[in-house]
Amino acid sequence: PPTKPAGPASVVPPTSKDSATPWPTGPDGHPQEDRTARAGSRYDQGVRLLGEIVSVVPAGYTAPEDAPGRPADAMPLRSHQAQFEERVDGVDVWSYMSSAALAQGDRTGRLLVETHTAGNQLPSEPCALARGFWGMQGECQVVTVGTAQVGVVARPTVDDRFDQWAAYRHPDGVVVFVAQGRTLDANEPGLVTLPFPLRQLAVLAVDERFHLE
């Protein structure tokens with residue numbers, strides 16, 4: 001499966017901590033080879049998350065699928081990954097990351113959702129949480145959605161992997177990041193406008209469709 005750009009949830013080289021913590025057991029009864037689940041219920045959650053992303057594509061945009069002939073070094077149009085993060089007080093913490101290209105004519109951007117299961121050690125304060133997404137920094141504001149407080153970054157300050165993103169911690173501890181970018185791949189023309197208004201990005205972060213266990 002594709003790996004994401006460097007970030008707090010990216011695959012890291014084994015350390016003494018890693019070697020002391022056995023990888024979770026896969027559906028075949030054997031420990032995983034590394035952090036990534038390649039089958040089983042965790043893998044299925046990553047697939048489900050991608051499906052949920054495709055289901056929220058706004059009118060006027062499409063979510064194309066990868067087709068033969070696409071350059072091997074190009075960013076995939078769709079991707080999903082389930083990754084073991086850490087074991088906290090005996091609880092396995094996982095992250096699910098799925099991404100879909102959003103196209104309008106010949107221009108392509110992307111929408112990415114990353115969900116961290118309960119027990120994660122990410123910050124609780126909405127803007128601290130938003131700034132914890134892949135270590136990216138930016139101007140953050142708190143947007144209220146119903147009773148939820150969502151950290152939203154409208155403009156990154158040093159990192160151009162995404163143009164905007166929102167972060168929300170559910171009451172049960174599950175964390176959801178939703179990010180949108182005007183470009184998918186530097187070699188392809190990007191979108192003129194982002195698919196979602198800033199408030200809608202916050203609404204998506206609270207959406208139960210992305211609230212995975």
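The structure is a predicted model, in which local features need pLDDT of at least 70, side-chain atom pairs count only at pLDDT 80 or more, and totals for chains, interfaces and linings use all residues. Residues are numbered from 1 along each chain as its sequence is written, and side-chain values use heavy atoms, with hydrogens and water left out. The mean pLDDT (the predictor's confidence in each residue, from 0 to 100) is 88 for the chain. A pLDDT of 70 or more is reached by 87% of the residues. Residues 6–19 fall below 50. Beyond near neighbours in sequence, that stretch has 24 contacts in the model. A contact means heavy atoms within 4.5 Å.

The chain holds 4 helices and 7 strands. Helices (H or I, at least four residues) and strands (E, at least two) are DSSP runs, numbered from the N terminus. Their order from the N terminus is α-α-β-β-β-α-β-β-β-β-α. The chain has 213 residues, and 49% of them count as buried. Buried means under 20% relative accessible area, exposed over 50%, and partly exposed in between (1.4 Å probe, protein chains only). Among contacts between residues at least 6 apart in sequence, 59% join residues at least 24 apart.

The largest nonpolar core has 35 residues. Such a core is a set of buried Ala, Val, Leu, Ile, Met, Phe, Trp, Tyr and Cys residues joined through side-chain atoms within 4.5 Å. Leu102, Leu111, Val113, Val150, Val178, Phe196 and Phe210 have the most contacts inside this largest core. Helix 4 (residues 198–206) gives the most to the core, with 5 residues. A second, separate core has 16 residues, among them Leu129, Ala130, Trp134 and Val175. Within helix 4, Leu201, Ala202, Leu204, Ala205 and Val206 are buried. The cover over the buried residues of helix 4 includes strand 4, strand 5, strand 6 and strand 7 (175–181).

Strand 2 (residues 91–104) contains Ser99. Ser99 is buried, at 4% relative accessible area. Leaving aside residues up to four places away in sequence, Ser99 touches Leu50, Ile53, Leu77, Arg78, Ser79, Arg110, Leu111 and Leu112. Tyr96 also lies in strand 2. Tyr96 is buried, because its relative accessibility is 0%. The side chains of Tyr96 and Arg42 make a polar contact at 2.8 Å. A polar contact is a pair of N or O atoms within 3.5 Å; within protein, one must be able to donate a hydrogen and the other to accept it, and residues adjacent in sequence count only if both atoms are side-chain atoms. Tyr96 and Ala82 are 14 residues apart in sequence, yet 4.6 Å apart in space, C-alpha to C-alpha.

The chain has 1 disulfide, defined as a pair of cysteine sulfur atoms within 2.5 Å. Cys127 is joined to Cys140, with S to S at 2.1 Å. The angle about the S-S bond is -85°, and the link is left-handed. Cys127 lies in helix 3 (residues 126–130) and Cys140 in strand 4 (residues 138–145), so the pair ties together parts 13 residues apart in sequence. Cys127 is buried, with a relative accessible area of 8%.

The whole structure has 6 aromatic pairs. Rings of Phe, Tyr and Trp (its six-membered ring) pair if their centres lie within 6.5 Å; planes under 30 degrees apart count as stacked, over 60 as edge-to-face and the rest as tilted. The Trp134 and Phe162 rings have centres 5.5 Å apart and planes at 65°, so this pair is edge-to-face. Trp134 lies in the loop between helix 3 and strand 4, and Phe162 in the loop between strand 5 (148–156) and strand 6 (164–169), so the pair ties together parts 28 residues apart in sequence. Trp134 is buried at 4% relative accessible area, and Phe162 is buried at 0%. Phe133, Trp134, Phe162, Trp165 and Phe177 form one aromatic cluster.

Trp134 has a positive phi of about 55°, although it is not a glycine. Asp89, also not a glycine, has a positive phi near 50°. Asp89 is in the loop between strand 1 (78–88) and strand 2. Asp89 is exposed, because its relative accessibility is 79%.
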